[in-house]
Every structure is written in structure tokens, then in C-alpha cells.
Amino acid sequence: MPLRSTARTNLVDLVIAQMEILISDGEWKVGTKIPAEPLLVEQLAVGRNTVREAVRALVHTGMLEPRQGDGTYVRASSDFGAAVQRRVRRASVLEAYEVRASLERDAARYAAERRTPEDLTALRTALAERSRAWDAGDTDAFIDADMTFHRTVAAAAHNAVLAELYGHLSDAMHATIQSVLGAAVPDSVRHQIDAHSAIVDAIEARDATAAEAAVLAHLAEGMAALREQPPAD
């Protein structure tokens, strides 16, 4: 959506509303940098102070994130998502993992009931990429691939609210996966290749009970590894 010139009295609120629409509609995607201040001033036909106040307000809600010397980035697609992320950042790794487990259990069940052939192709692709990253010994790529796999399961559930909630747990997911990878456990627990294959097999078979059981089994291993971690100083 193109930015529109604003000529009404409550300019800051109107600019905030336009920016929120750009973010929620995906024109400004999460993780990307928004246009520089001079460009926003030009496109919106408002003063520099108005743009600054609008950006400051969205930074306060958590939708935008300023990065020193680099610009301002989109952090969340809604103020609700930003609120979820702020709360999760205050949670312990184990607490976040337990919330993740609840969402993943339901996502797998619904995915088994609702998946399409396209969903199954995406799941197989994500599973293969996860295995390739592990075999290559690339920890960062493995974490990214693991997160992509579980987001793909959530998408296959065809429940927009569940997928959005799960997406807001990305930072917490990254931390929990990293903690499990760093735990003193066998490699089979760290990579859980067989467990993730079992999830996809159950979804392909449209066996909701087996899909839920496969998710719970793999998460139980991860949770046990987190509980064995020494407390942080």
C-alpha cells in the first residue's frame, strides 16, 4: 500500500495508523528496515517531528525497534504480537518451552486433520533442510531450519490465530533450541531426526493421535534436557 499524504489535525495518530497498516499488511515485513526519516517526511507530507513521534510510539509498543547507527526495523506485526514477545522475553527458557509445547501439540493434531498436498511437500522440504543443516554441522542453519519446520507444521494446521501466536514465539524458540543443543545429552536427543520424521509421517497419514503423540515425545526429550541444565548465575 502506498503512503498517503495526511492533512488532518491529529497527524501523529494518523501517521501511526498508516504505519500499522503497512506493517500488518506485510508491506513492511517483520525483520526489515523501514524507510529513512527524510523519505517518510516526503511521502507523508508531514513534519519531521510528527514522523519522529509516530515512530517513537511504535517503538514503545514494540512493533518497531531502533538499531544504533543502522535505522529502525519492524519487530512485530501487531501491538498484540509485540506484547506477547515482551512477556515471553521475561519468561524462563523452560516456561517458554512449555508454552511452545502446548501450541505444537495442537498444531500437529490440526495439521494431520487439515493438511493439503502442498503442506505435505513443504513439510518434507523443511525436514530435509533440517537434516542437511545437522549433517553439515552448521548450528545456526540447523536452528533456523528447525524453526522453519515447526512454523510449517503450524501453517499446515490452517488456523491463522494459532500460526500467529506461534510466530510470536520465534525469539523464545531460538533460545530453547540453542539450550537443548548445548545440553550434555546424546546427539539423538539434540537433533531428534527420527522424532521429526515421525511427526511428518503421522501428518501424512492423517493420524491426529499419532501426530500429537510424536510431538509430545520429542518435546519431552527436549524438556528433560532443559531441566538438567545448571541454573544461570
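The buried residues of helix H11 are Ile 193, Ala 195, His 196, Ile 199, Val 200, Ala 202 and Ile 203, where buried denotes a relative accessible area under 20%, exposed one over 50%, and partly exposed the range in between, computed with a 1.4 Å probe on protein chains only. Helices (H or I, at least four residues) and strands (E, at least two) are DSSP runs, numbered from the N terminus. An α-helix has 3.6 residues a turn, so residues three or four places apart point the same way. The 12 residues of H11 should span 16 Å at 1.5 Å a residue, and the 17 Å between its end C-alpha atoms agrees with this, the expected span being 1.5 Å times one less than the number of residues. Just after H11, Arg 206 takes a positive phi of about 55°.

The structure is a predicted model, in which local features need pLDDT of at least 70 and side-chain atom pairs count only at pLDDT 80 or more, whereas totals for chains, interfaces and linings use all residues. Residues are numbered from 1 along each chain as its sequence is written, and side-chain values use heavy atoms, with hydrogens and water left out. The mean pLDDT, the predictor's confidence in each residue on a scale from 0 to 100, is 83 for the protein, and 80% of its residues reach 70 or more. Over residues 5-9 pLDDT stays under 50, and for this stretch the model has 10 contacts beyond four places in sequence, a contact being heavy atoms within 4.5 Å.

The protein has 12 helices and two strands, and from the N terminus on its elements follow the order α-α-α-β-β-α-α-α-α-α-α-α-α-α. Of its 233 residues, 42% count as buried. Among contacts between residues at least 6 apart in sequence, 70% join residues at least 24 apart.

The two strands, E1 (residues 64-67) and E2 (residues 71-74), run antiparallel and are joined by four bridges, strands being taken as paired if DSSP finds at least two bridges between them. Pro 66 has Thr 72 in E2 as its bridge partner. Three residues lie between the strands of this hairpin, in which Gly 69 takes a positive phi near 75°.

The largest nonpolar core contains 35 residues, of which Phe 149, Val 153 and Ile 203 touch the most other members; such a core is a set of buried Ala, Val, Leu, Ile, Met, Phe, Trp, Tyr and Cys residues joined through side-chain atoms within 4.5 Å. Two or more residues each are given to this core by helices H5 (93-114), H6 (117-136), H7 (139-156), H8 (160-167), H9 (170-181), H11 (193-204) and H12. A second, separate core of 19 residues includes Ile 23, Ile 34, Met 63 and Val 74. When residues up to four places away in sequence are not counted, Phe 149 touches Leu 123, Ala 126, Leu 127, Arg 130, His 196, Ile 199 and Val 200.

His 218, which lies in helix H12 (residues 208-227), is buried, with a relative accessible area of 2%. With residues up to four places away in sequence again left out, His 218 touches Tyr 97, Arg 100, Glu 104, His 150, Gln 192, Ala 195, His 196 and Ile 199.

A search of the whole structure finds 13 salt bridges, each defined by a side-chain nitrogen of Lys or Arg within 4 Å of a carboxyl oxygen of Asp or Glu. In one of these, the closest N and O atoms of Arg 52 and Glu 37 are 2.9 Å apart. This pair links distant parts of the chain, with Arg 52 in helix H3 (residues 48-61) and Glu 37 in helix H2 (residues 37-44), 15 residues apart. Both partners count as partly exposed, Arg 52 with a relative accessible area of 38% and Glu 37 with 22%. A further salt bridge joins the side chains of Arg 67 and Glu 65, at 3.5 Å from N to O; Arg 67 is partly exposed at 38% relative accessibility, as is Glu 65 at 26%. In the salt bridge of Asp 106 with Arg 105, the closest N and O atoms are 3.3 Å apart. Salt bridges that share partners also join Arg 100, Glu 104, Arg 130 and Asp 146 into one network.

Thr 139, found in helix H7, is partly exposed, with a relative accessibility of 43%. Its C-alpha atom is separated by 8.6 Å from that of Gln 178, and Thr 139 and Gln 178 are 39 residues apart along the chain.
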